[in-house]
Structures are given as structure tokens and as C-alpha cells.
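Hi everyone, thanks for making the time. I'd like to walk you through one model today, going from a couple of loops to the helix packing. Please have the viewer open and follow along.

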Amino acid sequence: MVRYTVRRLLLAIPTLLAVLTIIFVIVRVAPGDPATAALGDYASEEAVQALRQRMGLDRPLWVQYVRFLADLARGDLGRSLITGQPVIDQIRHVLPYTLELTAAAILVGLVIGVPIGIVTAVRRNTAVDYVGRVVSLAGLSVPAFYLGILLIYFFAVRLRLFPALGAAEFSKPGAHLHALVLPALSLGLIEAAYVTRMTRSVVLGVLSEDYVRTARAKGLPERVVLFGHALRSAMIPLVSLIGLFAISLIGGSVLTEEVFARPGLGKLMIGAMKQKDYTMLQSIMVVYAFIIVLINLVTDLLYGVVDPRVRYE
């Protein structure tokens with residue numbers, strides 16, 4: 001397991017470097033001058049040149065690239081062009097909100113999707129199966145932001161069970177979790193539809209395997225056959241799906257954060273785009289890259305935990 005972990009860590013380094021290089025190139029080859037965009041079209045040439053010099057854009061591209069990597073190695077993401085505050089401080093403030101929303105949505109998706117997927121697989125072609133498939137298909141068709149608006153209308157406006165907008169401070173755990181329920185449901189219910197269909201498909205395939213039929217022939221209880229044999233073999237596809245969900249939710253929580261007026265990386269990125277904050281936008285993309293590479297690394301390591309055969313490939 002140690003050799004497998006080290007090998008995956010070494011593979012993650014060039015992947016991360018390649019992603020950071022792409023971010024560096026995309027930001028600098030994009031149309032328009034970042035200094036002019038930040039100051040406006042009516043800024044004087046002296047002000048534009050001074051800002052370009054402060055941002056290091058007057059230096060050769062390879063020098064900018066080396067400085068970019070050196071700053072990242074020191075944990076320096078620069079300063080916002082709008083507020084002048086260190087970018088790392090603003091990201092550190094909003095990042096926990098995005099991470100908790102992602103984790104809560106994944107938890108909702110698993111808690112709802114896995115049991116329904118198992119039940120519909122075990123009761124294939126029954127009324128329960130048909131209802132579960134129709135509901136999951138409906139969940140795949142509803143955009144997260146629209147579902148969020150519906151949840152706000154019914155549970156916040158009409159029933160007044162949850163707050164409609166905002167997020168409480170972490171120092172108030174009760175109010176904080178209370179404000180997290182609706183955003184987590186708006187993302188988690190949609191992910192539950194994917195989990196349901198994936199679980200049903202995988203469990204159906206596993207239940208037809210020879211070793212499952214052998215376990216039943218030995219007289220093992222159906223519960224042991226299902227959870228001890230079938231579901232355990234279905235963990236690899238589920239781990240892959242969870243990894244994909246985590247990546248998509250990290251990047252796809254933008255609209256949900258906007259609908260519920262929650263702080264987060266997505267909302268911060270939209271603000272940086274509107275204000276043309278070049279440094280902030282680049283830094284957020286870098287943080288996204290780190291998170292995605294980390295999620296892929298954790299997913300690979302979980303493969304080795306769930307299925308020991310992966311370690312020896």
C-alpha cells in the first residue's frame with residue numbers, strides 16, 4: 001500500500017504542474033490587457049503601465065512563469081487588484097463554505113441514492129423499481145438552481161422551516177447547519193438521482209455473477225449476500241462516481257451559491273470576473289486545480305483500499 005501511495009503521489013505532481021501551466025497560459029493569452037481591464041478604458045497610459053509593472057506583466061513570459069511557480073511554492077497568491085488585500089486571506093475565508101457544501105451534497109446523494117438503488121435492483125421490474133427509475137430520471141432533468149428556487153419557495157417562504165439566504169458563522173454550529181440544509185438538498189437530491197441509477201445498474205450486474213449464486217446456494221441469508229458480497233464488489237464504480245461528483249460539485253456550486261447568497265469560491269470567482277480582478281481570478285483557478293488534483297489522488301488511493309487488486313496492477 002505504501003508503494004502504491006508513493007507512486008500515485010509522484011504521478012500527481014506532473015499532473016498538477018501541467019494544469020498550473022495551462023492556467024498560466026490561458027490567463028495571459030486571453031484577449032485584452034489585464035491592467036487596462038482592471039483600471040478601465042479611460043485610465044491614463046501612465047497608470048496602466050504602472051499597474052502592468054506592479055503585476056509583472058512587463059517582464060518576459062518565461063520570467064513571469066518562473067515567478068508564478070515560485071510564488072505558489074511560497075503560498076503567495078498575490079493581492080487583489082480591487083481591494084489590495086492578500087488573495088489567500090479571502091480564499092481562506094470562503095473555501096470552507098464551498099467544501100462543506102460539497103461534502104454535505106455528497107452525503108445527501110449517498111444516503112438517499114444508495115438505498116434506493118439497492119432496493120430497485122433487488123425488486124427489479126416491480127412497481128418499486130418503476131417508481132424509483134422514474135423519480136431518478138426526473139432528478140436528472142432538474143437543474144440545481146431551479147431546484148434551489150423551489151426549495152426556497154416551499155421550505156423557506158411558505159413553511160418558514162429554513163432560512164432562504166445566507167450562511168451563519170462557524171462559531172454558531174446550530175444556525176450554521178440550519179442554513180446549510182436547503183443548499184445541500186438542492187445539489188444532493190440531483191446527485192442522488194445519479195447514485196440511484198449507478199447503484200441499481202452495478203448491483204444488477206453483480207447479482208448475476210457466479211460467486212453470488214454460489215453464496216445463495218450455500219444458504220447464506222439474503223442480507224449477507226447483498227451487503228457482504230454484492231455491494232462490496234460494487235464499491236469501485238461508486239468510488240469513481242463519488243470522485244466525479246466531488247469535482248463537479250466543487251466547480252458546479254457557483255449557481256447554488258448565487259441562488260442562496262452563500263459565500264464560496266464560486267461566488268468569489270463571479271465577483272472577480274465582474275470586477276475584472278485578474279489576480280483574484282487566476283488564484284481561484286489555481287485553488288480549483290489543487291482541489292481537483294487532490295480529489296483525483298484520494299480517489300485513486302480509495303481504489304486501493306476498496307479493491308486490493310488495484311495496488312498490484
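Let's start at Ala-261, which sits in the loop that runs between helix H12 (254-259) and helix H13 (265-275). One thing to keep in mind from here on is that this is a predicted model. If you check the backbone at Ala-261, phi is near 55 degrees, a positive value in a residue other than glycine. Is Ala-261 buried, exposed or partly exposed? Its relative accessible area is 31%, and because that falls between the 20% and 50% cut-offs, Ala-261 counts as partly exposed.

Arg-160 belongs to the loop between helix H7 (144-158) and H8. Its phi is near 55 degrees, again a positive value in a residue that is not glycine. Arg-160 has a relative accessible area of 69%, so with the cut-off at over 50% this residue is exposed.

Now let me zoom out for the overall picture. How many helices and strands does the protein have? The count is 14 helices and 0 strands, so along the sequence you read α-α-α-α-α-α-α-α-α-α-α-α-α-α. The protein has 313 residues, and 39% of them count as buried.

An unreviewed UniProt entry carries the label "transmembrane region" for residues 9-30, 101-122, 134-155, 175-195, 235-255 and 285-306. I looked at two of those spans in the model. Residues 175-195 are 100% helix and 0% strand, with end C-alpha atoms 29 Å apart. Over residues 134-155 the figures are 91% helix and 0% strand, and there the end C-alpha atoms lie 24 Å apart.

Next, helix packing. As a reminder, two packed helices are described by the angle between their axes and the distance between the axes.

Which residues make the contact? From H6 we have Asp-129, Arg-133, Ser-136, Leu-137, Gly-139 and Leu-140, and from H8 come Ile-190, Ala-193, Tyr-194, Thr-196, Arg-197 and Arg-200. Sorted by class, this contact of H6 with H8 holds 5 nonpolar, 3 polar and 4 charged residues.

The other pair is H5 with H13. Their axes come within 8 Å and cross at roughly 135 degrees, and H5 and H13 are therefore oblique to each other. On the H5 side, Gln-90, Ile-91, Val-94, Leu-95 and Thr-98 meet Leu-265, Gly-266 and Leu-268 of H13. That contact of H5 with H13 divides into 5 nonpolar, 3 polar and no charged residues.

Let's stay with Thr-98 for a moment. This residue lies in helix H5 (residues 87-122). Why is Thr-98 classed as buried? Its relative accessible area is 0%, and the class takes anything under 20%. Leaving out residues up to four places away in sequence, Thr-98 touches Ile-250, Ser-253, Glu-257, Gly-264, Leu-265 and Gly-266. Pick Gly-264 from that list: Thr-98 and Gly-264 are 166 residues apart in sequence, while their C-alpha atoms are 5.0 Å apart in space.

Last stop, Phe-24, in helix H1 (residues 2-29). Phe-24 is buried too, because its relative accessible area of 3% is under the 20% cut-off. Beyond its neighbours within four places in sequence, Phe-24 is in contact with Leu-61, Gln-64, Tyr-65 and Phe-68. With Gln-64, the C-alpha to C-alpha distance is 9.1 Å across 40 residues of sequence.

Methods
Residues are numbered from 1 along each chain as its sequence is written. This is a predicted model: local features need pLDDT of at least 70, side-chain atom pairs count only at pLDDT 80 or more; totals for chains, interfaces and linings use all residues. Side-chain values use heavy atoms; hydrogens and water are left out. Contact means heavy atoms within 4.5 Å. Helices (H or I, at least four residues) and strands (E, at least two) are DSSP runs, numbered from the N terminus. Ala, Val, Leu, Ile, Met, Phe, Trp, Tyr, Cys and Pro count as nonpolar, Asp, Glu, Lys and Arg as charged, and the others, Gly among them, as polar. Buried means under 20% relative accessible area, exposed over 50%, partly exposed in between (1.4 Å probe, protein chains only). UniProt positions are given in the numbering used here, feature names are shortened, and annotations may be inferred rather than shown by experiment. Axes are lines fitted to C-alpha atoms, for helices over the stretch in contact, and angles run from 0 to 180 degrees between N-to-C directions. Angles under 35 degrees count as roughly parallel, over 145 as roughly antiparallel, 65 to 115 as roughly perpendicular and the rest as oblique.
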